[in-house]
Amino acid sequence: AAYSYREIDKELTALTLSRREAVAQLMAATLTEKFGRAMDIAISLSTRVHFRELVAAGRWDEAFRVMQSVPQDLPHIDRLFLVDLKGTLKADVPALPGARGVKLASLDWFREVSRNWQPYVSAAHTRVATPPIKVFAGSVPVKSAAGKIAGILVLHIRVEKLIEWISAIKTGKEELIYTIVDSKGQMAFHSGHS
């Protein structure tokens, strides 16, 4: 009886772990796809010909008039903004009071994207602008027609979007408790805490 119990327990444990691993892999694939899509959007926006020309000319406000409807059209993007090569915020949508002119060069996303001028998704962090909320920043360089870096386009995605993305995954009847860890190893979300 003890042997049978141990074998059944071992099989059920293996089955449960296998199912939970499959759910974790599905959640990871979903988040990878969602962040990948957000970065594809950022790259697409940053390579618009008229937008690139305006950024290269330093006409920040005019460049962002082109982006005015992005937060309404793409609700998973909370905010987007443009910084110059020194890390100074030049234009933002939606515009937040006191945000323009703020130096952001010390932030992780600025350092990483400017290191080799490749798109970068930051770790979860509290944004500098008011109100302070937890976000991920997707940043991409904006290049002129000649290929010179003219600025950096940044998209903010609220950490709460993770909840929506993960909630869309049907995991069955059992209640799962899960944690999402960002690229720096810090907890970005825990299903047991709002």
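Visitor: Why is L54 called buried?
Guide: Buried means a relative accessible area under 20%, with exposed over 50% and partly exposed in between (1.4 Å probe, protein chains only). L54 has a relative accessible area of 4%, which is under the cut-off, so L54 is called buried. This is a predicted model, in which local features need pLDDT of at least 70 and side-chain atom pairs count only at pLDDT 80 or more, while totals for chains, interfaces and linings use all residues. Residues are numbered from 1 along each chain as its sequence is written, and side-chain values use heavy atoms, with hydrogens and water left out.

Visitor: Where is L54 found, and which residues does it touch?
Guide: L54 is found in helix 2; helices (H or I, at least four residues) and strands (E, at least two) are DSSP runs, numbered from the N terminus. Not counting residues up to four places away in sequence, L54 touches R59, E62, A63 and V66, where contact means heavy atoms within 4.5 Å. S144 is 90 residues from L54 along the chain, and their C-alpha atoms are separated by 9.0 Å.

Visitor: How do you know that the buried residues of helix 2 line one face of the helix?
Guide: The buried residues of helix 2 (residues 49-56) are F51, L54 and V55. Seen down the axis of helix 2, they fall within an arc of 100 degrees, so they line one face; the arc is that of the directions from the helix axis to the C-beta atoms. Among the elements that cover these residues are helix 1 (2-46), helix 3 (60-65) and strand 1 (79-83). Just after helix 2, G58 takes a positive phi of about 75 degrees.

Visitor: What makes a nonpolar core, and which residues touch the most other members of the largest one?
Guide: A nonpolar core is a set of buried Ala, Val, Leu, Ile, Met, Phe, Trp, Tyr and Cys residues joined through side-chain atoms within 4.5 Å. The largest has 22 residues, of which F51, V55, F64, M67, L80, L82 and L153 touch the most other members. Helix 1 gives the most to this core, with 4 residues. Apart from it lies another core, of 15 residues, among them V23, A124, I169 and I180.

Visitor: Why is H156 called buried?
Guide: H156 has a relative accessible area of 4%, and this is under 20%, so the term applies. H156 is found in strand 6. Leaving aside neighbours within four places in sequence, H156 is in contact with residues including H76, D78, H125 and F136.

Visitor: Which residues of helix 5 are buried, and what do they pack against?
Guide: In helix 5 (residues 108-116), the buried residues are D108, W109, F110 and V113. They pack against strand 1, strand 3 (120-121), strand 4 (125-126), strand 5 and strand 6.

Visitor: How confident is the prediction, and where is confidence lowest?
Guide: pLDDT is the predictor's confidence in each residue, from 0 to 100. The mean pLDDT of the protein is 85, and 93% of its residues reach 70 or more. Confidence is lowest in strand 8 (residues 187-190), at a mean of 71, and highest in strand 6 (residues 149-158), at 94.
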